[in-house]
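Welcome! Open your viewer, get ready to select a few residues, and follow along stop by stop.

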Amino acid sequence: MKRKNIAVCVTGYNFNYESRVVKGIGDRCAELDINLLIFATLIQRPSLNENRVLPDSVIKGETEIFNLINYDIIDGIIILGDSIIEEKVIFDVYAKASEKNIPVVNVNDPNHKLTGNVLLSDKRAMEFVVRHLVEEHGLTKINFIGGFPGNLQTEERLAAYKKVLEEHNIPVEESRIAYGEFWIKSVDCVKQFLASGDIPQAIVCASDTMAIFCMDYLQENGYRIPEDIVVTGFDGLDDCEVYKPTITSVRRGFETAGRRAVELVEDILNGKKSDLTVEVDSELVIMQSCGCVPKADKRTFDFFSQKYGAETAALEFRTYIHAMNTDFAAVKNSAELFENAKHSAEFFKLDRLFVCICSNIERETAEIDEEEIFSSFRGISDTMVNMFSYGNSAPVGKKFPAAELVPEDILNGDKAAVFAFSPLYFKDNFLGYIAYEPTCYEGNGEHFATWLMVLSNNTGSYYMNKKLELVVEQLENLYVRDPLTGLYNRRGMSKYGVELLDNAKKANSCITVVCSDIDNLKPINDLYGHEAGDNAIVQTARAISKAMPDSAVSVRTGGDEFCSVLQSCSDEEINGILEQIEQTLEDYNASSGLPYKIGCSCGYYSMKAAETESIEKIAAFADEEMYKVKVRKKAMRKM
């Protein structure tokens, strides 16, 4: 039986809430033997309190990763809708999935109802905390710090706080309610409570971050927690378990929501008549800050151990990023650009890692067109190039269809696969993506997001410089090339002919100049038109280019005149070249079916490079020889 594939769309995958939901999804997929493909941007959606707008180029670059989804191989999609930085992504993914009858389940996003929906309910969560303080601890003087007035989550949590007090006949006093705007002003709220003279028995915070700020201030000012004042949080962040004292909080059912989302996809696929909207309640996590858990436990030691470990890892990471940027300065080619990704894979403990670059970025040709130079955002190309492989046998440089995601089969192994895909972009160019097999579902933290940003910037700088070099080269070619024939013009002769002469002088060798003139070009123009005349010029130029060695410099010096400069050629070699020019034109005449014949007269002159000051002097002698050949041809035609 074919293994199913579920795709997850998430922004801020490495952050606390998002990673916990993904962990729940991953755990349930593993139990059900389902492949999990995580399409993740690593930046975080700006919070409501942040006066920050993401640039369009960042939004486009980040969200382009969702266009990598291959709907032909996906059985179900789970979107963490409230994390997505661009609402349009939700609509696009849902529309494309609907065309293929793929169910889409949205997690924690009541504003976008899709095929199925899993909602994280806070309706009773704050009730759990306040009821615990009232019923288990007998507290009545309980203060509340919310986020922003009018914010939906703040008002829901405030309503729950009031409800429990009213149920226990405890007066709701407005003086015990303040707004910390998440965490920025939470300390001001504590100062306000203490200054009132009516010291609270407990402070209930609407987020763990606000609780930490409150506890810092209280402890710095001599208050003991929980002996003097109980403090509780909301969210159940990892920090609650390592802070001293550990923080009693409410943890939303993130992992449970992830598990239920997978089950809802399965129910829809199996045609079960299940409720397509599922609510997942929160849970109370009792720690030290309410007094239920003794403070004299191993957590104190764990906190410092984890703190030391985190500082060591941060130092190692900073050293690595510094080395990464330093090494980038010496990069000569795209293969070297990604060499240090092996260290990254080991640092972040990835089982497998691919760096995949769009084939129109890692180009095979040295040409770029005008549309590419002046185009706006460029997205995923149809084909990708594997630029780095770790933990797999896929060869570097392998080109593969983007629809296959990576250059090897990851979906049909002995066990269900877990792969994540995150974007590489720079300014208005989507460069490609990394595909990685994480060792844990929770992502790799802010260090991973920072590494990916540095990799994107270095990659973008490299390819932008390569593109700039190509543009400069093409502009230079326009300056030194004859537009009709592609041969050099007189400016090209001044640049490259002189270089060839200098090289011949250093090698103490001979220099040869071949002058060529098209026969009877004027009659061809007069009788058959200028298009025929241009064709005669182009075909003669091609015959000359074909016959000349690669090191030669060939120039169109006038309307029907050409000049080629060669280094160290014997008379035998030159005569062979002239015969090849003549033969190429004869072959063309024999097959063209045109009413006119194309021919040219050639003459050459060779001398020691050290004995001349310029190409022009040798060309003058070669021109005389060419003229002699032309005279002999005319004489022969009259006989």
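Start by selecting residues 202-205: this is strand E8, which pairs with E9 in the parallel sense over three bridges. Strands here are DSSP runs of type E of at least two residues, helices are H or I runs of at least four, and both are numbered from the N terminus; two strands pair if DSSP finds at least two bridges between them. This is a predicted model, where local features need pLDDT of at least 70 and side-chain atom pairs count only at pLDDT 80 or more, while totals for chains, interfaces and linings use all residues. Residues are numbered from 1 along each chain as its sequence is written, and side-chain values use heavy atoms, leaving out hydrogens and water.

Next, select alanine 202 and look across to valine 230 in E9, which stands opposite. Now show the whole open sheet: four strands, in the order E7-E6-E8-E9, with parallel pairing. Strands E7 (177-179) and E9 (230-232) are at the edges with a single partner strand each, so one side of each has no neighbour in the sheet.

For the next stop, select residues 490-506, helix H15, which has 17 residues. Which residues of H15 are buried? They are Gly492, Met493, Tyr496, Gly497, Leu500, Leu501 and Ala504 (buried means under 20% relative accessible area, with a 1.4 Å probe and protein chains only). Step to asparagine 489, which caps the N-terminal end of H15: one of its side-chain oxygens is 3.0 Å from the backbone nitrogen of arginine 491. Finish at asparagine 508, which follows H15 and has a positive phi, near 55°.

Note on methods:
Expected span 1.5 Å × (residues − 1). Buried < 20%, exposed > 50% of the residue type's maximum accessible area, 1.4 Å probe, protein only. Polar contact = N/O pair within 3.5 Å; in protein donor to acceptor, adjacent residues only side chain to side chain.
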